[in-house]
Amino acid sequence: MKNFIPDEVIEEVRQNCDIVQVVSEYVLLTRKGHNYFGLCPFHGEKTPSFSVSPDKQIFYCFGCGVGGNVFSFLMQKEGMEFPEAVKLLADKVGVEIPEGEVDSEYDQKKSALKKAHEINNLTKEFYHYILLNLKVGELAREYLKKRGLSPEVIDKFQLGYAPNSWDGLLNFLTKKNNVEDDLVKQGLILSRNEGQGFYDRFRHRLMFPIWDVKGNVIGFGGRVLDKGEPKYLNSPESFVYNKRENLFGIHLAVKAIREQDRVLIAEGYLDVITAHQFGFENVVASLGTALTKEQIKLLMRYTHNIIVAFDADGAGVKATLRSIDLLQNFGCKVKILTIPNGKDPDEYIRKKGPIAFKKLIEQAKSLVDYKLDKALEKYGSDTPEAKARVVEALSETLLNISNEVEKEMYLKKTAETLGLQLETIIAELKKQQQKGTKHWKYRDKQTENWNNTNMDNAKSVVIREKNQSARSKAEKFLLRLVIEEPNLWLQAKSKMGISFFDSPERNQIAKVIDALCIKEKNFEIADIFSYLKDSNSNKVLNQILAQEVPLENLEESFYDCLLVIEREIKKESKDSILRKISEAEQKGDFEQVRFLMKELKQFH
Ligand SMILES: [Zn+2]
């Protein structure tokens, strides 16, 4: 892959992107003063230490030290190479990259994706047309009518019908110049066992197109219309469809999730559709799995308030409770919606109406309350033993609450419910905590590793940089100041040259600053990152930028730094000569001693 994209183009792309907007596609950000803050997507945390500066167009995490400009963000978040990240953003902001500069995997990936989306989209239209217009769609139309779905919502979700035919879709798509191979890849057709020809995967089923968050059709769920197995048949996983990473209805729900700052996760496609029909547009469903980390991460871009409406008695409940614990670990507020009599949201809304459903949502329980109810159901609270069991069942959740006020509130509530003293509960929890030490450690480790590949490397640099001498401190601060005020760099350079720094990373950063200064006096901070190709320098730059700049006496601070650096360099040279003198004396090389003494004089 050719990596060469002209500097001007790179800068143009960066200047046309807003880092806040780009990061917002991955992280829920809230404005605080000049900057935006959110939960770091590169390490697990419960309180936001990840910041984005719209003025400087950079991001930085005070927790794990990751940072950079908009390109660095995409590279780390999407695992892209630099040219790929530039290209992706260039596409987004409409900057043209000269032809032939990047003939990359990126282009191939992009065109394969485009093809897959096109095929799935055509398929969606095919099924939808049949459902609405053809005689064979009659049965499916009746089914939807019986379920009470309105024409509007059928259109909104583009529902369809896959005819009871072995080659209906196959013929339609191949006539539109698609090759069978591409259709197999999308799981729409299968090759016959005898190796002769292909046949449609979905036959005589009600079809639910599945979109990604950007609104591309990536797969399908097909429901049987009469008795038959399986009840739901889904597209197989492909390079566009990953059921662990997507949620049904997300593309239609994003707006409402943002506006209401909460999401409701249901289990079934029809739950989502009925909810939307009755005005609950912040509802999505998992795609036939228990809630996954990836889905949680997706939702956390839009809200931290999550209501889970899974069938509490269903098979998935254990796995779901586990993911809910995980949700809490990552700073989400989770509530659990239990629907009376084991109904699903679809049935409940249709039978009881939207007002009742809304009330039910407001009554959704916190995880502690939910677990408390379940434990009481299971163990009762009559005997001391039963009470201990209940506390045990709740201990993990209680200990996991990060907000101390909330924790105390729940502890009190649990104590009251069980008729115990608060101290008794706390003592019992402490016991549980000690018993569970191993478990906690494991859990923390898991949290730490959550989507974090760069940590080890970052840590070693951070440790090295922590043993700061006066010189390295001064050098870093000097770099921070010259970044703020590039004119000062020219002064430093005329006095000391370019590569006077005491670490390869700092020299590298100085070189980039120098190049940018020569090109243009007022370069932007974010551009430095585009020219720093090694990740260690990148990390050091992040630390440098994390330093506060004194607005009042910027120049004074600059001269102080220069003085310290000069003094320290002198001191180091002097120390080195003194060392050499004592070595020469030991060897009895007095000629050398005399020579070195002369050298030493210049330091007085
Ligand atoms: Zn972080």
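Biologist: In what order do the five strands form the open sheet, and is the pairing parallel or antiparallel?

Modeller: In general, strands of a sheet pair through backbone hydrogen bonds, either parallel or antiparallel. Here the order is E1-E2-E3-E4-E5, and the pairing is antiparallel. Strands count as paired if DSSP finds at least two bridges between them, and strands (E, at least two residues) and helices (H or I, at least four) are DSSP runs numbered from the N terminus. Before we go on, this is a predicted model, in which local features need pLDDT of at least 70, side-chain atom pairs count only at pLDDT 80 or more, and totals for chains, interfaces and linings use all residues. Residues are numbered from 1 along each chain as its sequence is written, and side-chain values use heavy atoms, with hydrogens and water left out.

Biologist: Which strands stand at the edges?

Modeller: Strand E1 (30-32) and E5 do; each has a single partner strand, so one side of each is left without a neighbour in the sheet. E1 is joined to E2 by three bridges, and Arg 31 stands opposite Tyr 36 in E2.

Biologist: Which residues coordinate the zinc ion?

Modeller: To read a metal site, look for donors, meaning N, O and S atoms within 2.8 Å of the metal (3.2 Å for Na, K and Ca); water is not among the atoms, so sites may look incomplete. In this model the donors are Cys 40 (SG), His 43 (ND1), Cys 61 (SG) and Cys 64 (SG), at 2.1 to 2.3 Å. Their spacing in sequence is C-x2-H-x17-C-x2-C. His 43, in the loop between strand E2 (35-38) and strand E3 (50-53), and Cys 64, in the loop between strand E4 (58-61) and strand E5 (67-68), are 21 residues apart. Both His 43 and Cys 64 are buried, that is, under 20% relative accessible area, while exposed is over 50% and partly exposed is in between (1.4 Å probe, protein chains only).

Biologist: Why is the arrangement around the zinc ion tetrahedral?

Modeller: Four donors count as tetrahedral if all angles lie between 85 and 135 degrees. The four donor atoms here subtend angles of 100 to 121°, which makes the arrangement tetrahedral.

Biologist: What is the phi of Gln 57, and where is this residue found?

Modeller: Most residues other than glycine have a negative phi, and most peptide bonds are trans. Gln 57 is not a glycine, yet its phi is positive, about 60°. Gln 57 sits in the loop between E3 and E4 and is buried, with a relative accessible area of 12%. Asn 177 also is not a glycine and has a positive phi, of about 65°, but Asn 177 counts as exposed at 69% relative accessibility.

Biologist: How far apart are the end C-alpha atoms of helix H4?

Modeller: The expected span of a helix is 1.5 Å times one less than its number of residues. For the twelve residues of H4 (residues 82-93) that should be 16 Å, and the end C-alpha atoms are 17 Å apart, which agrees. Buried residues in H4 include Phe 82, Val 86 and Leu 89. The buried residues of H4 pack against several helices, among them H1 (7-16) and H5 (105-133), where contact means heavy atoms within 4.5 Å. After H4 comes Gly 94, with a positive phi near 75°.

How values were computed:
Tetrahedral: all angles 85-135°; square planar, octahedral: opposite > 155°, others 65-115°.
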